[in-house]
Amino acid sequence: MKEKVILAYSGGLDTSIIIPWLKENYDIDVIAVCANVGQEENMDEIYEKALKSGASKAYIEDLSEEFVTQAIFKAIKAEAKYENKYLLGTSLARPIIAKRLVEIAHKENAKYICHGCTGKGNDQVRFEASISAIDPSIEVIAPWRLWDIKSREDAIDYANENNIEVSATKEKIYSVDANLFHISTEGGDIENLKNEHKEDLVYKKCKPIEKASDIAEYVEIYFEKGEPKKVNNEQLSPVEIIKTLNDIGAKHGVGVIDILENRLVGMKSRGIYETPGGTILYEAHNILESATLDKDTIHYKQVIAHKYSELIYNGMWFSKLKESIDAFIEETQENITGTVKIKLYKGNIKPAGIFTENALYDESISSFGDSELYDHKDAGGFINLFTLPLKIKALQ
């Protein structure tokens, strides 16, 4: 009886050619698993393509809700941004997918899991770290670290030789990763830092600023303990919240970044990320937290967010430290309940109102007028004590 390998299958260039390559180089049954994390592709076509390419069996797994509730919402509550810019759209999906790959490997009694990540990327680490954390006995096959194919051009040639239908061409050779939360575009002319990215070729969802709506739009988002529950006073499912805000944000050109990031494997890479709904949620959550969380907790949470984003980016989703930070973040969200009103226009997000019963802001204290709890005269003694070390230093 042949051994089995579970292939993380997307139907794209890399994973499409991996099926014939595995059969050509291993005496093995290939079971393709396509994880639907909201990438808006025809899953029936992907299923048929996997079988047509030589897979003995194929799974289509809808992980969209788990992706939102167990990954995206955690990142939003933590306000995790890698290098203070990247909202971790690809990174957040990988442990959710890896977990299901291991579950299917157990179900199918498969000894191997295979992925199509390149030997230069971060995803190979994220998948393999997650698999190791769940079941270290499973062996990983990583073709990009084994085969003679050296580039996407070579991969296209291999696909043509094996009659594998792929959408990538040598003229339009961007590497695109899409899910419910974001779309990332890398490769091609973007790799030259002197080139401005081509909006008409790169953008899959967001409007360029010049073509964004000329009419501003107000949006209200209701959070309960840090998690979004309603948009414009309408109760929506977690998946629908992301979809709705994606459509609204994209129309106004919100959520596009062009960044040069530091990969885990030691090199820099350039990527264009479209995260319209996520950008809105991060900003709205931050606005609500500014009113409902005390200074020390906010400041320490910002320190934690930096480390948390690195752990996610580096594939350490199932690490003890990441899980411990999760517990801290959850504690900070107890009073993050209320509605935030924002105004969207030409890529900008403007605060337009905070409505919460948990606000730590007191207008009577914070205004320039008198209040019972704060006497202007008290500030003099405070300043004397606060500046005492400076005075001592000056006297040396």
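Predicted model: local features only at pLDDT ≥ 70, side-chain atom pairs only at ≥ 80, totals over all residues.
Biologist: What share of the residues counts as buried?

Modeller: A residue is buried when its relative accessible area is under 20%. The chain has 396 residues, and the share that counts as buried is 50%.

Biologist: And of the contacts between residues at least 6 apart in sequence, what percentage joins residues at least 24 apart?

Modeller: Contact here means heavy atoms within 4.5 Å. Taking the contacts between residues at least 6 apart, the part that joins residues at least 24 apart is 73%.

Biologist: Now the sheet with E1 in it. Which strands are its edge strands?

Modeller: That open sheet has 5 strands with parallel pairing, in the order E3-E2-E1-E4-E5. Neighbouring strands in the sheet are turned by 25 degrees against each other on average, ignoring direction. An edge strand pairs on one side only, and here those are E3 (57-62) and E5 (139-141).

Biologist: Which residue in E3 stands opposite Ala35?

Modeller: E2 (residues 28-36) and E3 run parallel and are joined by 6 bridges. Opposite Ala35, on the E3 side, you find Glu61.

Biologist: Which strands does helix H1 touch as it packs on that sheet?

Modeller: H1 covers residues 13-25, and its direction makes about 165 degrees with that of E1.

Biologist: What is the bridge partner of Ser184 in E12?

Modeller: E7 (residues 183-186) pairs with E12 in the antiparallel sense, over 3 bridges. Within E12, the partner of Ser184 is Tyr273.

Biologist: Which residue takes a positive phi in the hairpin of E11 and E12?

Modeller: E11 (residues 256-262) and E12 (residues 268-274) are antiparallel and pair over 7 bridges, with Glu261 standing opposite Ser269. The hairpin has 5 residues between the strands, and the one with a phi near 110 degrees is Gly266.

Biologist: Glu40 has a positive phi too. Is Glu40 buried or exposed?

Modeller: Phi of Glu40 is near 55 degrees, and this residue isn't a glycine. Glu40 lies in the loop between E2 and H2 (43-52). Its relative accessible area is 65%, and the cut-off is over 50%, so Glu40 is exposed.

Biologist: What about Leu88, buried or exposed?

Modeller: Leu88 is in the loop between H3 (64-78) and H4, and has a positive phi of about 70 degrees despite not being a glycine. The relative accessibility of Leu88 is 0%, so this residue counts as buried.

Biologist: How many nonpolar residues does the contact of H4 with H5 have?

Modeller: H4 passes H5 in a right-handed crossing. Among the residues making the contact are Ile97, Ala98 and Leu101 of H4, along with Phe127 and Ile131 of H5. By class there are 3 polar and 4 charged residues, and the nonpolar ones number 8.

Biologist: Last one: which residues of H9 does H3 meet?

Modeller: H3 and H9 (residues 276-292) pack at about 45 degrees with axes 9 Å apart, and are therefore oblique to each other. H3 passes H9 in a right-handed crossing. On the H3 side the residues are Ala75, Ile76 and Lys77, and in H9 they meet Leu281, Tyr282, His285 and Glu289.

Note on methods:
Residues numbered from 1 in each chain as written. Heavy atoms only, no water. Left-handed = near helix turned anticlockwise from the far one by under 90°. Helix = DSSP H or I, 4+ residues; strand = E, 2+ residues; numbered from the N terminus. Nonpolar A, V, L, I, M, F, W, Y, C, P; charged D, E, K, R; others polar. Pairing = 2+ DSSP bridges. Buried < 20%, exposed > 50% of the residue type's maximum accessible area, 1.4 Å probe, protein only. Axes fitted to C-alpha atoms, helices over the stretch in contact; angles between N-to-C directions. Parallel < 35°, antiparallel > 145°, perpendicular 65-115°, else oblique.
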